[in-house]
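Here are my notes on this model, point by point. Have the structure open while you read.

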Amino acid sequence: MISAAADTRTTIVAIASSSAPALRGIVRIAGEDAVGVLAAMASGFVASASTRPYRVDVSLELGAPLGKLAAAALVWPTSRSYTGSPSVELHTFGSPPLLEAIVAAAVRAGARPAGPGEFTMRAFLAGRIDLTQAEAVLGVIDAADRDQLDAALDQLAGNVSRPLRSVRDRLLDLLADIEAGLDFVDEDIRFIEDESVLSELSGAAEVIGEAKAQLTGRHRAIATVDIILRGLPNVGKSSLLNALAGETVAIVSDEAGTTRDVVWHELEIEGRPVRLIDTAGQETPRDAIMRESQRVARDSQRTAAITLVCVDADVAVGVDPRELLRGNGPDETADETSRDRCEDTSGVGTRCDGTGWLAVATRCDLVERPDELAAAGWIVTSGREGQGLEALRQAIAGELDRQFGLPERGVSATAARCGDSIVRAERAIGAAIDAVSTEAGHEWVAGEIRVALAAIGEETGEIYTDDILDRVFSRFCIGK
Amino acid sequence: MIDTTYDYDIIVIGAGHAGTEAAAAAARMGARTVLLTTNLDTVGQMSCNPAIGGVAKGQIVREVDALGGLMGLAIDACGIQFRMLNCRKGPAMHSPRAQADKRGYQAFIKHLIERQPGLDLRQETVEDLLTETVAGRTRVVGVRVRGDAVYRARSVILTTGTFLQAVMHTGTATTAGGRAGEGTTGGISGALARLGFEIDRFKTGTPARLSARGIDFASLEAQPGDADPQPFSFLTDRIEREQLPCHITYTNDAVHEVIRKNLHRAPMYSGQINTRGPRYCPSIEDKVVRFADKDQHQIFLEPEGRQTEEVYVNGVSTSLPRDVQDEIFRNIRGCERALIMRYGYAVEYDFCPPTQLWPSLESKSVEGLFFAGQINGTTGYEEAAGQGLIAGANAALKLRGDEPFVPGRDEAYIGVLLDDLVTRGTDEPYRMFTSRAEYRLLLRQDNADRRLTACGFELGLVDADRHRRLTDKLAAMERARSWLVETRVDQVRGDVYLRRPEVDWQVMVGHEPKLAEIDAAAAQQVVYDIKYAGYVDRQQEEIDRHRRLADKRIPAEFDYAAIRPLRSEAKQKLAKIRPLTLDQAQRISGITPADITLVMAHLVGGRATSGSAGGGGSGATNVGQRESSAATVSTTSPADTNVIADEPRE
């Protein structure tokens, strides 16, 4: 990130919209030659002489086989832009391959692909946004649901740092009063009474506490990942789901094919929010409703990070779990599972799209030698007996770690930092209150208030420490 | 005309609190030093308040003493009333203050200077600074004095106080001069202007002195000294001389009315003075105007010595005309019949904004020229002494080709002072406060020796005797600690037991009689170390956080202009201050975290170092960075010297 900070002139380009398919897509170009890059990409484009931002329809030359593409270009011709340098935004259809082609065209025209967080870093360096806002940019983009989006927007609007700023102001005032009392002992002035110090500190503690609750609440707002349970009807997927979730969610019956729609439950596995999705059992569609049900199930599977391939334990005996994913199942999903590749024999595998699968033997309370299954690479479970659930949780957590790294992403970057600075501020204010209560002397109170101020300042970006910046910017997604 | 020429290593101009410490420090370190003063009878003079120390200032005196300075010894010998201020607060706030016998203090300092080996004290009026410019770099080579004589030296330390272009005001009457009855030093102002120094102007004031003969002390509240007076110097074991009381009186409505009626005659309000004075030391007319709701202001009547009836009236600094001053005192209880022996006055004077200096107090633009004291925009004897000692030490270190001595903000109030001055400059006469020191819980008056003496000994500032006192103390502390650890009280280890608020040293001595052998100063350190370990650890955490930035150095010739995205305001400020570390850079006012990130990024990237190489080599060093330029530059022979000098004055 340091090297990116050193270079704020080179023109960079990245997709600025979500990586998921969407109606609209945005490619952002920023740097001294942003307009030149646009001119090189767009036939017939003539830069306006205006120094104010303008909008122009352009035709982008994407080369064979794509040819020309119509797009709307928003142009900030001067440094008065979000990033503090000339910038261009290209708005077009939200097709990922198309957007990637635009980026490639921009690179051919002289831009460099942006590094992670580079746009936001430039905006920060240009003084356009403070640190909490910088992080919030990512939060908005990555928001997985309405709550996360609201939280991120709130943060972007400064609604988290604002109360902290005002508390900082008040603490500075309080500190000034206390300091005056310490330094001007020979004046016959009583600068501040303990009572006022206490009430000010309590007020500050309250605001800091609220900010902490807000921000650490968001720490949990990690994008929820989907885990899908697949398998033949009546193999016990619903029982497994219920066992993992700890409550009855799916309708469980002995009649095969009870689960006719996607049933899910949100829960935490090793501190990670996951959505566990039960699907209609895999079987040949008997009727239209079944077909529809299974289509939804397959759609879920496409977005799932992990697929739990569930097989009845007594069927699983003697079966290599990898076989199941090679398309030997008795259903029409072979075309999909055949893409899977097994990379090890532990019952955990990686598919070519980077998602993973776990081979789970269910209802092992009904077989004699579950340990043989385990040896063959199955994760041996019983929804009814609660057996093997811990091992399954661990396996899921391990696979999620592999795919996503440690659970700190998005808006939670703020939370991770707050975990440090807000807690330090809170602790310092608490210590200051103690110091007043125990009549330890105002110099100790002042010392603690200073620590709190420094900590709050880190949060609102008013005090500089390098490690905070490093952490913030290393977590940014490209183009945000 | 043939000049008489004298050769020295270091010349110190001005023999006030900065100059005497500077000269003595340089001489202690082995530099052949001459101290030039316009008047041998005002060496170490207390121009204003006859007192040393106070909150934060007392800590500085202890630091100066821990580094072998003069001030602590002088006040211990000449104090007439000692008080430890802020005694009811924790040890970090304890601040020694003492009233001085003003004449005695001066004589004592002068005698110390006279006896200092390697130091010559001479009465001279400096008319000009001599410099030479070689390859675009200007360095000082000596001074010209009145009477066709030249002093040559490798370094010159300017400690001219309030005497540059000084004007005194009492009402509408103005007199040229830096102190009542004395002149001004014009030649140096001219030289500084010629050398391109930025010069600014401050004002300060001093109150009237009354004759004790007419003061009715019996009607006033007496303020005695402490029953157990604490010395300033780590070399002084105890203060045994009889102490004199101060007295307290107050202004009142009648006084305020007199002042309000005559405001138009006060130079500060009539527009006669429009320079900035210290907010924390307002004149009485300021107090009456700005704090109109207060119906009285406290006044301390402080004796100026044992052999004088002069009394300093602390709290009524004023530049009102004589008749108004007379009328004011006729209305103050206890002073109704007192004669004003000297009227109060305000003084306006030139100073050189200290952002033109490296932290070593050497000028960035003229090599070998050091500045210390009020010329740097500070106020106070203690602040002056601290700077003087640092300037003297660094001039001597430069001769040796050694790195300068610049204590950090976490090591000394003097470090805070240096850093504040050169990094932020000052908008008003700079005075030290404990609140300026973010690590004040560590910078206590009682541990100044532990913080600084060993370092001073290494540099040659501190003699073996003083150093032995420190090592003895440290050894006693070690013994005490091991005895405490071996002691069990209520099944608790002695050092742990001592942490309890109600347990003090005497209690521990009761449990372990051996501890009675430990001398009181060492015992106090052990107690503080144990009782305040938690707070100290917390400050240490904060220090460590900052140290990481302090360790990131910026080369002196770093070219900020090459960082294109850097805001132009930031470029200007950084190029002017030329901070030595990122930590210093971030303290420059108006520098944002984003600016620092950019600078850091370019430091890491190794870019932006292509600028003019000649500009910043000199003095661009800090503790831990080697100074190499001194040895080479000084080889220029006098014949090559292009002396820039004004014609001698009429």
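1. Start with A22(B), which sits in helix 1 (residues 17–28) of chain B. Helices here are DSSP runs of H or I with at least four residues, strands are runs of E with at least two, and both are numbered from the N terminus. A22(B) has 37 C-beta neighbours inside 10 Å, so it counts as buried. The cut-offs are these: buried takes 20 or more other C-beta atoms within 10 Å of a residue's own, exposed takes 12 or fewer, and partly exposed is in between, with C-beta atoms placed from the backbone. Setting aside residues up to four places away in sequence, A22(B) touches V12(B), I157(B), T159(B), A372(B), G388(B), L389(B), A391(B) and G392(B). A contact means that two C-beta atoms, placed from the backbone, lie within 7 Å.

2. A word on what you're looking at. This is a predicted model, where local features need pLDDT of at least 70 and side-chain atom pairs count only at pLDDT 80 or more, while totals for chains, interfaces and linings use all residues. Residues are numbered from 1 along each chain as its sequence is written, and chains are lettered from A and ligands numbered from 1 in the order in which they are written.

3. Now go to I11(B), eleven residues along the chain from A22(B), with 9.7 Å between the two C-alpha atoms. Beyond its neighbours within four places in sequence, I11(B) is in contact with V34(B), L36(B), G142(B), V143(B), Y151(B), A153(B) and V156(B). I11(B) is also one of the residues touching the most other members of the largest nonpolar core, which has 176 residues; A452(A), A74(B) and I157(B) are the others. Helix 10 (residues 381–400) of chain B gives this core its largest share, eleven residues. A separate second core has 54 residues, among them V13(A), I102(A), L574(B) and L580(B). A nonpolar core here is a set of buried Ala, Val, Leu, Ile, Met, Phe, Trp, Tyr and Cys residues joined through C-beta atoms within 7 Å.

4. Which residues of helix 18 (residues 568–577) of chain B are buried? They are A570(B), L574(B) and I577(B). These cover an arc of only 75 degrees around the axis, so they fall on the same side of helix 18 of chain B. The arc is that of the directions from the helix axis to the C-beta atoms. Just after this helix, R578(B) takes a positive phi of about 45 degrees.

5. Two other backbone spots deserve a look. Most residues other than glycine have a negative phi. A56(B) has a positive phi near 75 degrees, and Q491(B), also not a glycine, has one of about 65 degrees. A56(B) is in the loop between strand 4 (51–53) and helix 2 (57–66) of chain B, and counts as buried because it has 28 C-beta neighbours inside 10 Å. Q491(B) lies in the loop between strand 24 (488–489) and strand 25 (492–493) of chain B, and counts as exposed because it has 6 such neighbours.

6. Chain B has an open sheet of four strands in the order 13-12-21-14, with antiparallel pairing. Strands pair if DSSP finds at least two bridges between them. Strand 13 (173–176) and strand 14 are at the edges with a single partner strand each, so one side of each has no neighbour in the sheet. The twist averages 25 degrees from one strand to the next. Strand 14 (residues 200–206) of chain B is mostly covered, with five of its seven residues buried. Seven bridges join it to strand 21 (residues 345–351) of chain B; there, G205(B) has A346(B) as its bridge partner, and T204(B) stands opposite V347(B).

7. There is also an open antiparallel sheet of six strands in chain B, ordered 16-17-18-19-15-20. Strand 16 (221–223) and strand 20 (340–342) of chain B are its edges, each with a single partner strand, so one side of each is left without a neighbour in the sheet. Three bridges join strand 16 to strand 17 (residues 246–250) of chain B, and Q223(B) has C246(B) as its bridge partner.

Notes: Axes fitted to C-alpha atoms, helices over the stretch in contact; angles between N-to-C directions.
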